[in-house]
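Please examine the model shown below. The explanation that follows it moves from a single chain to the contact between chains, and then to individual residues.

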Number of protein chains: 2
Amino acid sequence: MNKQNVPDVIVSRLPVYLRALQRLSDAGVTTTSSQELGEKVGISAAQIRKDLSQFGEFGKQGTGYHIPFLIERLSQILNVDRIWDVGVVGMGDIGHAIVRYNGFSNRGFQVAMCFDADPAKIGTKVGEFEIRDEKNLIADIKAASIKIAMICVPASVAQDVADKLVEAGVRGILNYAPLKLIVPANVRVQHIDPAIGLQRITYYIA
Amino acid sequence: MNKQNVPDVIVSRLPVYLRALQRLSDAGVTTTSSQELGEKVGISAAQIRKDLSQFGEFGKQGTGYHIPFLIERLSQILNVDRIWDVGVVGMGDIGHAIVRYNGFSNRGFQVAMCFDADPAKIGTKVGEFEIRDEKNLIADIKAASIKIAMICVPASVAQDVADKLVEAGVRGILNYAPLKLIVPANVRVQHIDPAIGLQRITYYIA
């Protein structure tokens with residue numbers, strides 16, 4: 001398997017498969033088929049088999065997939081068979097929501113520190129985290145070797161924050177600000193954009 | 001063109017093209033090519049041409065795409081050549097962020113009303129909106145003919161809210177709660193799941 005050659009569109013579906021498999025596992029189910037998995041995620045069984053075949057042989061003809069094994073392998077492929085510390089920048093509504101979010105557990109991520117530029121917020125606590133001064137962003141992220149960050153600041157300052165995160169050694173950014181970030185080729189950005197999700201809905205409901 | 005026959009994976013890319021085209025347009029650019037658009041969105045030029053060809057002929061050989069025309073057509077195809085009123089349920093951190101979000105303008109959506117079940121929140125204002133009592137959710141959504149809603153309540157009550165929205169006539173739901181909603185086949189759900197975005201990042205940055 002050479003991960004570099006796998007089309008990103010396939011990569012984009014792997015987390016969806018993993019989430020569905022974890023839900024089946026949580027429900028006590030131990031085996032599944034590409035048909036059943038396909039119904040859960042709204043993707044054809046043939047596509048699922050084709051996608052997974054990029055990474056090896058996961059199921060046996062007639063017996064389907066052993067869920068714990070497939071979860072283990074997908075977690076390895078997605079590099080979430082470990083816990084990534086995440087830095088959150090911008091402690092407005094979204095930043096608060098993320099620090100308190102309970103959807104990360106068991107999926108490879110935990111918030112490790114959070115930042116804001118507002119003197120009124122710096123030093124106050126959100127859950128167990130004390131909000132750090134954004135002035136120390138580069139030094140603090142570097143010192144903690146944090147490689148993943150979420151940008152929750154206003155669009156007007158998001159690129160500046162992204163530049164600092166890149167300088168601090170961050171390799172992946174989840175961006176909630178409504179703009180496209182410009183980053184070096186070795187840094188990955190995913191954009192959380194509710195309008196994109198809404199437009200995927202309205203296509204179907206004229 | 002029969003929209004029912006277009007694979008959802010293609011539909012999922014149209015909002016991404018539209019966003020990139022709107023950014024080019026905002027920058028004063030009036031023509032583009034599948035190559036340039038592809039570089040903006042990280043999708044091959046051939047794939048873009050193939051995707052768009054599902055819906056007709058948009059560009060001329062050698063002269064590329066006329067951006068205002070392509071924006072107009074994609075907006076029609078995605079049914080965002082109008083403004084959809086959106087109901088927001090759950091006025092915690094995420095609900096507040098959405099009501100204040102400035103990334104919807106010119107993209108087909110506007111928040112029309114918001115709800116919470118907490119008596120301490122009901123009747124208070126967020127921006128221009130007074131938080132409504134979730135008890136009146138079905139009646140208020142129906143009365144306003146709202147077809148699109150965002151669920152921002154805790155996972156434990158999200159399915160109950162979804163059931164009520166469906167009863168009220170909602171046809172599309174953007175779900176921020178960390179669980180899979182069960183809805184009738186004629187209702188579309190998109191799930192905003194930051195862990196999915198993060199896992200698409202970590203695949204590449206072991």
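This is a predicted model: local features need pLDDT of at least 70, side-chain atom pairs count only at pLDDT 80 or more; totals for chains, interfaces and linings use all residues.

Residues are numbered from 1 along each chain as its sequence is written, chains are lettered from A and ligands numbered from 1 in the order in which they are written, and side-chain values use heavy atoms, with hydrogens and water left out.

Along the principal axes, the C-alpha atoms of chain A occupy a box of roughly 60 × 45 × 35 Å. Of the 206 residues in this chain, 50% count as buried; buried denotes under 20% relative accessible area, exposed over 50%, and partly exposed in between (1.4 Å probe, protein chains only). Among contacts in chain A with a separation of 6 or more, 55% come from residues 24 or more positions apart, a contact being heavy atoms within 4.5 Å. One individual position in this chain is A:P68, located in helix α4 (residues 67-77). A:P68 is partly exposed, at a relative accessible area of 38%, and its C-alpha atom is 8.2 Å from that of A:T31, a residue 37 positions away along the chain.

The interface comes next. The size of an interface is often given as the accessible area lost when the parts come together. Chain B and chain A bury about 5900 Å² between them, with 63% of this on carbon and sulfur atoms; the buried area is the accessible area (1.4 Å probe) that two parts lose on being put together, summed over both. On the side of chain B, the residues that lose the most area to chain A are B:Q199, B:R200 and B:Y203, which together account for 14% of what that side buries. In terms of contacts, 60 residues of chain B meet 60 residues of chain A.

Polar pairing also links the two chains. There are 24 residue pairs in polar contact between chain B and chain A (both at pLDDT 80 or more); a polar contact is a pair of N or O atoms within 3.5 Å, where within protein one must be able to donate a hydrogen and the other to accept it, and residues adjacent in sequence count only if both atoms are side-chain atoms. The elements giving two or more residues to the side of chain B that touches chain A include α1 (8-26) and α8 (194-202) of chain B. Of these elements, α1(B) gives the most, with 11 residues.

At the start of α8(B), a side-chain oxygen of B:D193 comes to within 3.0 Å of the backbone nitrogen of B:A195. In chain A, helix α8 (residues 194-202) contains A:T202, which is buried at a relative accessible area of 0%. Beyond its neighbours within four places in sequence, A:T202 is in contact with residues including B:W84, B:F109 and B:I148.

Charged pairs complete the picture. The count over all chains is 18 salt bridges, and 8 salt bridges are found across the interface of chain B and chain A; the term denotes a side-chain nitrogen of Lys or Arg within 4 Å of a carboxyl oxygen of Asp or Glu. A:R19 pairs in this way with B:D193, their closest N and O atoms being 2.6 Å apart. Another salt bridge connects A:R200 and B:D8 (2.7 Å, N to O). Because A:R200 lies in helix α8 of chain A and B:D8 in helix α1 of chain B, the pair joins two chains. In chain B, B:D160 and B:K164 form a salt bridge (3.2 Å, N to O); they are 4 residues apart in helix α7 (residues 155-167), and therefore separated by about one helical turn.
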